[in-house]
Each structure stands twice: as structure tokens, then as C-alpha cells.
Amino acid sequence: LVIGTIATALIQSSSTVTSIIVGLVAGGLPVAVAVPMVMGANIGTSITNTIVSLGHVRDKSEFKRAFSAATVHDFFNLFSVVIFLPLEIAFGFLEKIGAWLATPFFGAGDASMKSFNFVKAATKPVVGTAKDVAQSIGDQVGGALLIVVGILLIFVAITFIGKLLKQLMVGKAKEIMHTAIGRGPISGIFSGTAVTVLVQSSSTTTSLMVPLAGSGSFNLKQIYPFTLGANIGTCITALLAATAVTGNGEAALQIAFIHLTYNVLGVVFIYGLPFLRYLPVRAAEWLGATAAENKLVALAYILGVFFVIPGVLIGVSNLV
């Protein structure tokens, strides 16, 4: 959980981290170990819009609204982890649902994933050359080199695609946001999902909302459903990555479906139950008001939630 959080906070892209996790699962990482990492990626991605909100720090009332709008995403993801991680540890229900969803794609003949994996076919010559070069160095050194190069390529590719999509789609995304926000929760959730699929980045989607909240154009309850949709939309990258893996493709698709299932269930469960629905909103409003009074609270929150607490937990787990 904390490794997923820190990795995403450092890279500022849950899409990249979940794509790397998909690759690791295809290479043999147990799905049960990967599930909490995916949950941690959801928390870590919240840092980007929280940092964006600091741009409003000079105006007290504006900063209060902006910081609240940024941290509602954080609190929703934290509540999701608090609810679903113990259930997953106890019953493994996400792992089972992911396996059930992945199974139909790995039947016989044309029903298998390999039958439509055009990405693998297109990249096969390059992959073959890379493997030959790695084998000439040696199994261990060459294998380690391939891992490092593979992760770097994932990071570069998703960053490059993200920049291109932002140039093409951010203007359109703003139009969708202005049209959808305030028209009801269902419209907000679906629009948040659509925009995030277009720009392939929940960080971009949620960061676009912060200035709207800071300026007072929309209130927190209007923006909140759009944030939930962003959580669902960001799952598309891991699903695309799962279609291009070599190795244990079924497990890779399973973890991608787990990511989608986890985010959908989080929205259905937390937003669907009236007594849970606005807990993230209330927590974010309280934190925004506190941070507006004392700016150091905002800095302590960012460092504590995304770096210090996860770092301490990793240290403790290593000692134990």
C-alpha cells in the first residue's frame, strides 16, 4: 500500500504506476501483493491537485475553497482504503472478482487475448532485439537491465502520450467540465470518467477542477462527483497495458480489472450510502479551513500523508 502511494506521489502519475504493476504481475508478482499497491496508487495520485491548490495560497478564502476541492479526492481514496483493504485481506473478494472478469478473455481459439493483441505483434521485432542484446550480457545482468529499461519506457511513453492528449483534449475537457458540473451527481461521475479517459490522467482532471473551486465558480459538493468519475476513468491505462503484456497475461488483466472494480465499488459504496456520502466533503472542508488559517498545515499535510507516514511505515515493516 505505502509503496504504491510513495511511487505515485514521486512520479505524479497513477497511470504509470498501475501500468508498471500490470507488468510486474505479468512477470510473476502475486496478484494478492499487487492489490494493495493499486490502492496506494489511488492515494498517491491525489498529490498533484493538492500541490496545484497551493497556487491560491495568497488569497485566504480562495485557498480555503481550492485546498478543500483538492483534498476531497484524498479523503475519498483514504476512506476507500480503510473500508476495502481489510475486506480484501480477510476475504480476497477483489482478487476473485478480477479473476472472474479476466477469465472470458482467455478461452480457446479466437476468444483468447492473444488473438487480438496487435500491440505485441507490432513490437515483437524490437522486443526480440532487446532480448538478444540482454542475453549476450548474461541472464541476471541482462534481465535486470531489461526491467529498468522497460519501466523507463513505460514512464516515457505514458508521459509523452499524456502531454499529447493534454494538448489535444484539455480545452475540450474544460468544456465538458463546465457543461457537466452542477447538473447532478450522475452527470458529474460520467463526465469525470469521460474526461479522464480522454486525457489518460486523473491528476489532470482533478487539477482542472481546483481553479474552478478556488474562484468560487462551483462549490465542493458540485465538484465532488466529478472527482469520483476521475477515479474510474484512470483505470483505462492499466486495461490497455494488460493487453500488451508478455508472460502471465491473465494475471495482468486480472489486476487491471481489480483496479477498475475497486474504483467502481468505492464510488457505489461510499457515494451510494447516505451516511458515508459526504464524509470526504466534510473532512476536506475542515482541512481547507484549517489550512487557510495556518499555511504550514497544508505543507505538513502534503509531506506527512504522501511521504513521511508511508516512509515510517515502510521502515517499521522492514524492522518487523
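Let's start with a charge and a ring: Arg277 lies over the face of Tyr271, 5.2 Å from the centre of that ring. Keep in mind that this is a predicted model. A second case involves Lys221, which sits over the face of Tyr278 at 4.7 Å from the ring centre.

Rings can also meet other rings. A pair of aromatic rings is described by the distance of the centres and the angle of the planes. How many aromatic pairs does the structure hold? There are ten. Two of them are set out here:

| Pair | Centre to centre | Angle between planes | Kind |
|---|---|---|---|
| Phe63 and Phe67 | 5.4 Å | 40° | tilted |
| Tyr224 and Tyr278 | 6.3 Å | 45° | tilted |

Why do both count as tilted? Planes under 30 degrees apart would be stacked and those over 60 edge-to-face, with the rest called tilted. Phe63 and Phe67, at 40°, therefore make a tilted pair.

Now let's see where these residues sit. Phe63 and Phe67 share helix α5 (residues 60–91), where they are four residues apart, about one turn of the helix. Both Phe63 and Phe67 are buried. Ring pairs also join them with Phe75, Tyr301 and Phe306 in a cluster.

The tyrosine pair has another setting. Tyr224 belongs to helix α11 (residues 220–233), while Tyr278 is in the loop between α14 (274–277) and α15 (279–293), so their pairing ties together parts 54 residues apart in sequence. Is each tyrosine buried or partly exposed? Tyr224 is buried, because its relative accessibility is 0%. Tyr278 has a relative accessible area of 23% and is partly exposed.

How values were computed. Residues are numbered from 1 along each chain as its sequence is written. This is a predicted model: local features need pLDDT of at least 70, side-chain atom pairs count only at pLDDT 80 or more; totals for chains, interfaces and linings use all residues. Side-chain values use heavy atoms; hydrogens and water are left out. Rings of Phe, Tyr and Trp (its six-membered ring) pair if their centres lie within 6.5 Å; planes under 30 degrees apart count as stacked, over 60 as edge-to-face and the rest as tilted. Helices (H or I, at least four residues) and strands (E, at least two) are DSSP runs, numbered from the N terminus. Buried means under 20% relative accessible area, exposed over 50%, partly exposed in between (1.4 Å probe, protein chains only). A charge sits over a ring if NZ of Lys or CZ of Arg is within 6 Å of the ring centre and within 35 degrees of the ring normal.
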